[in-house]
Amino acid sequence: MGSKTPLYDKHVEAGARIVDFGGWDMPLNYGSQKEEHHAVRQKAGMFDVSHMTIVDLTGERVRDFLRYLVANDVAKLQDPGKALYTSMLNENGGVIDDLIIYFMSESWFRLVVNAATREKDLAWIRQQAEPFEVSVSERAELAMIAVQGPEARELAAPCIDADHRDDAMALKPFFGMEAGDMFVARTGYTGEDGWEMVMPAAQAPSTWDRLLAAGVAPCGLAARDTLRLEAAMNLYGSDMDETVSPLEAGLGWTVAWEPADREFIGREPLEAKRADTNRMRFVGLLLEDKGVLRNHQRVVVDGVGDGEITSGGFSPTIGRSIALARVPAGDYDRAQVEVRGKLLGVRIVKTPFVRNGEVRIDV
Amino acid sequence: MSELPGDLLYTKEHEWLRREDDGTVSIGVTDHAQSALGDLVYVELPEIGQDVEEGGDMAVVESVKAASDVYAPIAGTVAAVNEELADTPETINSDPYGEGWIVKLQPSGDIDEGALMTPDAYQELLDEEEA
């Protein structure tokens with residue numbers, strides 16, 4: 001048996017199929033994962049993401065510390081509540097994890113890191129934090145519910161303390177705020193509008209029930225994966241890991257090169273990778289034949305070389321199979337993927353595949 | 001869990017067989033299998049006339065989640081395939097023992113029923129897997 005979130009009983013009550021995810025007993029799906037997927041694209045769905053690791057960093061030099069710790073630059077965070085997506089690199093420029101950083105105050109930044117990488121992340125952050133005299137505290141007592149979809153905020157608003165409701169509704173994308181006992185952020189992992197709501201564990205089951213009663217569909221990890229794939233949002237451990245640079249995982253946009261004199265962990269090897277015009281590309285694929293693309297399938301580019309699918313699956317919104325893949329450098333817009341010994345045709349497409357309920361590629 | 005149809009034989013790979021009046025054997029996956037796979041999105045069918053060995057790959061069913069082989073529970077020749085599944089693979093989810101059939105085989109010899117499972121034996125297997 002794995003760890004259980006404060007919402008575990010709610011999942012069982014709702015008939016969830018429970019699976020192990022990074023040591024946690026989590027809901028994979030409650031019924032049809034396709035219906036859960038469509039609920040998020042068309043109305044509203046909720047995910048228990050309490051297994052994710054919330055880490056509060058406090059201290060006088062916390063901003064300096066984060067400017068050194070991660071590849072994106074927290075100097076961009078000037079307005080309170082503003083969030084930043086970034087990768088955290090090792091000394092070789094490989095990705096230890098991807099995370100979101102919230103700017104709470106000049107002496108308090110909040111990180112949300114992946115569940116499966118919790119221990120190594122905490123060890124790494126604590127080790128690096130020492131010379132900066134930054135205190136690192138995991139907030140395991142907090143639960144988190146992601147409410148996502150075009151109607152998510154409206155349906156979830158009654159769960160927010162009345163004094164803070166209007167301000168919460170007025171949050172701009174990628175901003176968060178404290179709302180009484182809760183922390184609410186307009187962020188997510190689905191490509192839809194919505195909130196991620198952080199709250200004391202004891203408050204999670206009643207919040208879940210209120211959302212359920214408001215018509216928000218419980219959604220499992222399976223739908224979360226197809227939603228994030230359509231939105232072309234990376235999954236740690238599939239699309240990138242410690243052996244891959246962010247530049248070969250489609251995360252180049254999260255690396256802040258300027259100012260050039262900012263020293264961050266992994267910068268030097270990353271500069272070398274940046275200058276390497278032969279580095280692998282990270283692209284979106286649309287399967288033109290029938291079938292389903294899967295992780296680790298070989299991508300064959302005629303006359304160029306081989307690549308690999310890092311996240312493949314079926315897109316419920318498009319009705320076709322899509323994938324994210326690491327492929328050789330070169331100028332081409334078609335390739336083939338080896339599926340059970342056969343080569344199927346794929347087109348290279350600009351991601352995201354889907355955003356805010358709309359298909360964004362030519363099908 | 002719904003009741004198992006009593007007129008079928010089953011395999012430990014969670015497939016079912018039905019002897020048809022014309023001497024062919026219809027094959028599909030069980031309700032337990034479709035439920036474990038989740039929403040089906042693609043079915044790869046064999047060619048009509050293709051010979052299959054007992055235990056050999058015969059078809060592939062793919063759900064949003066994963067791909068899964070369908071093995072031939074008996075040796076035979078493919079007599080028919082359920083073409084409808086090309087456009088509506090989800091029929092396997094909604095009607096696994098009926099419209100969701102996958103392949104009809106013309107058996108190449110006598111069917112060894114001892115190698116297959118009765119509904120009761122299959123139910124026991126499911127109960128064991130649940131435990």
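Guide: Between chain A and chain B there are 5 salt bridges. The model is a predicted one, and these salt bridges are computed from its atoms. One pairing across the two chains joins the side chains of Lys342(A) and Glu44(B), with 3.8 Å from N to O. That distance falls inside the cut-off, which is 4 Å between a side-chain nitrogen of Lys or Arg and a carboxyl oxygen of Asp or Glu.

Polar contacts across the interface of chain A and chain B come to 12 residue pairs, counting pairs with both residues at pLDDT 80 or more. On the side of chain A that touches chain B, strand E2 (24-29) and helix H2 (33-42) of chain A each supply at least two residues. By type, the residues of that side of chain A are 6 charged, 5 polar and 3 nonpolar.

In terms of contact, 14 residues of chain A meet 16 residues of chain B. The two chains bury about 1400 Å² between them, and carbon and sulfur atoms give 45% of that area. Within chain A, the residues that lose the most area to chain B are Lys290(A), Arg294(A) and Arg340(A), which together make up 41% of what that side buries.

For the rest of the fold, consider the salt bridges again. Over all chains the structure holds 33 of them. One is formed by Asp73(A) and Arg262(A), whose closest N and O atoms lie 3.6 Å apart. This pair links distant parts of the chain, the two residues being 189 residues apart. Asp73(A) sits in the loop between helix H3 (62-69) and strand E5 (83-89) of chain A, and Arg262(A) in the loop between helix H8 (221-230) and helix H9 (267-275) of chain A.

Chain A also has an open sheet of 6 strands with mixed pairing, in the order E10-E11-E12-E9-E3-E13.

Helix H7 (residues 204-213) of chain A lies across E3, E9, strand E11 (182-185), E12 and E13, and runs at about 15 degrees to E9(A).

Terms used
Residues numbered from 1 in each chain as written. Chains lettered and ligands numbered in written order. Predicted model: local features only at pLDDT ≥ 70, side-chain atom pairs only at ≥ 80, totals over all residues. Heavy atoms only, no water. Contact = heavy atoms within 4.5 Å. Buried area = accessible area lost by both parts, 1.4 Å probe. Polar contact = N/O pair within 3.5 Å; in protein donor to acceptor, adjacent residues only side chain to side chain. Helix = DSSP H or I, 4+ residues; strand = E, 2+ residues; numbered from the N terminus. Nonpolar A, V, L, I, M, F, W, Y, C, P; charged D, E, K, R; others polar. Pairing = 2+ DSSP bridges. Axes fitted to C-alpha atoms, helices over the stretch in contact; angles between N-to-C directions.
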